[in-house]
Amino acid sequence: MKSEKEEGAFTGGRRKPWIRPTGLDAVLKRWCADKQLWPSFVLDEVTPARAGAYAPLPEDVAPQVREALRRRGIEQLFAHQAEAFRLARAGQSLVIATPTASGKSLCYNLPLMDRFAREPQARALYLFPTKALSRDQEESLRVFMREAGLEHGAITFDGDTPADARRAARERSGVLLTNPDMLHTGILPHHANWARLFSNLRYVVIDELHTYRGVFGSHLANVLRRLQRVARFHGSSPVFILASATIGNPKAHAERMLGREVALVSESGAPSGERRVMVYNPPVVNAELGVRASYLKSAVRLVADLVRAEVSTLLFGQSRNSVEMMLKYLRDRFVEEKMDPALIQGYRGGYLPGTRRATEAAMRAGEVRCVVATNALELGIDIGSLDAVVCAGYPGSVAALMQRFGRAGRRGAGSLALLVTNSAPLDQYLASDPRYLTGAPVEHARIDPDNVEILVQHLKCAAFELPFEEGDAFGDVSSESTLDALGFLAQHEVVHPSSGMDGRRVFHWSSDAYPANHVSLRSVGWDNVVIIELGTDRTLAEMDFRSAHTMLHEQAIYQHEAEQYQVERFDYENHKAYVRKVAPDYFTDAMTYVRVNVIQEDQGAPMGSELQAGMGEVSVIEKVVGYKKIKFHTHENVGYGDVTLPEMQMHTTALWLTVPESVVRAMEVPRPAVIDALRGLANALRTVACVGLMIDPRDLGKTLGSKDDADGPPRKDGGVGFDPTIFLYDNIPGGVGLAARLFDQREELLRRARRVLESCTCADGCPACIGPAAGSGPGSAPVDAHPRKRLGLELLSVLGVGALQ
């Protein structure tokens, strides 16, 4: 038995410096014994350890490669590694879909090394979604090749690669590691300079396949069509090896990506340690409004317990701001407790490459006990052995959650996987049924490479790279469809048709523009915003242009490595933000206004006698209108400020549900209360849509507005107001088909939303269902007079929406 003093060393009384129980088990015992803390754990399950399935090293592995493996202590392979080697040696393209930390790297490195040993001229191309992952794999691959006595070399080719290294990459490197953006703009348009690579290309490796979905994945599929076309021109036909974390449709996704058949390797032979899976739902602090304790502060408290007990921990935040806040709160705690704050480091997009490399190395060396990170560390970067992963907020999909949880126990030991839920509807939906996380089917990755807007952009790039002959197909796009698209480009004088030797038309690029520079794979502006410190002119970090609107407006508090900087000037035209170091007691949170305008209705259908559903193209206009000042630790609102930045506009697709103004007027409550209830129904609809479609909530936007132009002429019936319309839109330019699927499921969607409201135990609206009424607070009259939840249910009844049977 532990003494009372020892029990108080964690979450109870003050920590006694001479008593420091260590290890994961000690922390878990104290959590269980804490009567205030333990009731908030809504899930506590143990995933048992799994034994490995092994296979002998294949006899036909080249001797020097076999010897290099033996020196690493690898006398046998996992079963899935042996199967991947067999398929790749036979020239079969394949996708490996096994859990995190199952040794996928060896699945593609082994056939590559074996080919290099037999064919000194062979080349390979590795594609990774991030620069960090490319650098991580480059180092491990170089070491492996040196141990095998291979002189092919490996080099990363990205925006950070200096000019002399770029020359070496073209002329001498056996393995070129890059990302889709660089392949798209820096390699394929200049393929003649890369003739040595393309003429000897034997393997193309695409890692982290599950990250290529939506618009980014659709763009990559077209880049791969161009890659295969260029490789054929240079006389090679490479084998493609794709690696993915667990997704619901790995084979179909890989085949859609490549436009060809692939084999599937999905049965992992890797052993795994026991994993304790837990969900912590912070306690309710305001029963009237259903508001819970801060999930960020709850996560910080639990992680502080782990770090004090010397448990190596990775803490995931949902955004840059949440990461910086948790990093600050943890370091503040450690300073108070006379512990070294350097034990805790931050890691996110925007940090400069050197900062990220130093954190990765320190984590591997055991010099850092906790890293607070965004999804930049969700991928397979090697940061050594971890005992615990804590996610502050549900990342939006079971696949992403399992990917993060897989970072712990990477060496086969026992581990902790902990989700701390926030007050958002989706998190609370999962907190009410936490076993959904361990038993739900994993989401599918979806792409649409034949999206006309995307396809035409890449057809232009392909025509720039090589002329098209009449009858040529573009990947798995038929020759007839390709010819139609080329005819469209010819009409716009982008390509020029001429007669070839055999009488067939040949389409040559005829524009002055360099097309790849104008096509962004990730559908955001090319130029990041550079953040510069005034006084020192030091470049602190960089940020994508879209996020800069909410985080780098003038007077914003920009947080970087737990320090605060105030934005003094935002040079919008030149994409530079100038900041000055400050020590405020608050941070800023931008307020945005979203307006949706219907451009074209593709489908429409009445739902009952009143409700009208539609689906089609829309314009989404987003504008940052101001910001709030939020006090650190207490999270009180202590002030506001204005922001004057241009609007951001995006064309996408949406589902809309229009409620006639006559229904609004017929309700026996004031119009603002009805509009507020409809806004709450939009929250509930978005929640059930995300769960039903198994998508990340960030992929689906929602707003309440007018289907017609609200600023246009008065209503024909002489009344005031407009027909309020709930919009659910693809939050990605061009859309990826979510709106069409929602339109098909519109009736079930409404019934599920009704069931969420009816099954919620709150008295009258909370963040888990419809949300509290706008402007509500303790003792405010509107909440009592016009209950939001009851009004929402009444509206659904009037619109003819019954509960699911």
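Author: In this predicted model, a residue is called buried under 20% relative accessible area, exposed over 50%, and partly exposed in between.

Reader: Why does Arg86 count as partly exposed?

Author: Arg86 has a relative accessibility of 47%. That value lies between the limits of 20% and 50%, so Arg86 is classed as partly exposed.

Reader: What makes the contact of Arg86 with Glu83 a salt bridge?

Author: The criterion is a side-chain nitrogen of Lys or Arg within 4 Å of a carboxyl oxygen of Asp or Glu. The closest N and O atoms of Arg86 and Glu83 are 2.8 Å apart, so the pair qualifies. Both residues belong to helix α4 (residues 79-89), where a spacing of 3 residues puts about one helical turn between them. Glu83, at 30% relative accessibility, is partly exposed as well.

Reader: How do you know that Lys251 forms a salt bridge with Glu255?

Author: Their closest N and O atoms are 2.6 Å apart, which is within 4 Å, and therefore the pair is counted. Helix α11 (residues 250-258) holds both residues, 4 residues apart, or about one turn of the helix. Lys251, with a relative accessible area of 30%, is partly exposed, and so is Glu255 at 23%.

Reader: Why is Asp34 called buried, and what is the class of Arg301?

Author: Asp34 has 12% relative accessibility, which is under 20%, so it is buried. Arg301 reaches 27% and is therefore partly exposed. The side chains of these two residues meet in a salt bridge at 3.8 Å, N to O.

Reader: How many salt bridges does the structure hold, and which residues are linked in a network?

Author: The structure holds 33 salt bridges. Arg225, Arg256, Asp448, Asp450 and Asp476 are linked in a network of them.

Reader: What makes β1 and β15 edge strands?

Author: The open sheet has 7 strands in the order β1-β11-β18-β17-β14-β16-β15, with mixed pairing. β1 and β15 (344-347) each pair on one side only, and these are its edge strands.

Reader: How do you know that β17 and β18 pair?

Author: Pairing requires at least two bridges between the strands. Strand β17 (residues 388-392) and strand β18 (residues 415-420) have 5 bridges, so they pair, in the parallel sense. Ala388 stands opposite Leu416 in β18.

Note on methods
Residues are numbered from 1 along each chain as its sequence is written. This is a predicted model: local features need pLDDT of at least 70, side-chain atom pairs count only at pLDDT 80 or more; totals for chains, interfaces and linings use all residues. Side-chain values use heavy atoms; hydrogens and water are left out. Buried means under 20% relative accessible area, exposed over 50%, partly exposed in between (1.4 Å probe, protein chains only). Helices (H or I, at least four residues) and strands (E, at least two) are DSSP runs, numbered from the N terminus.
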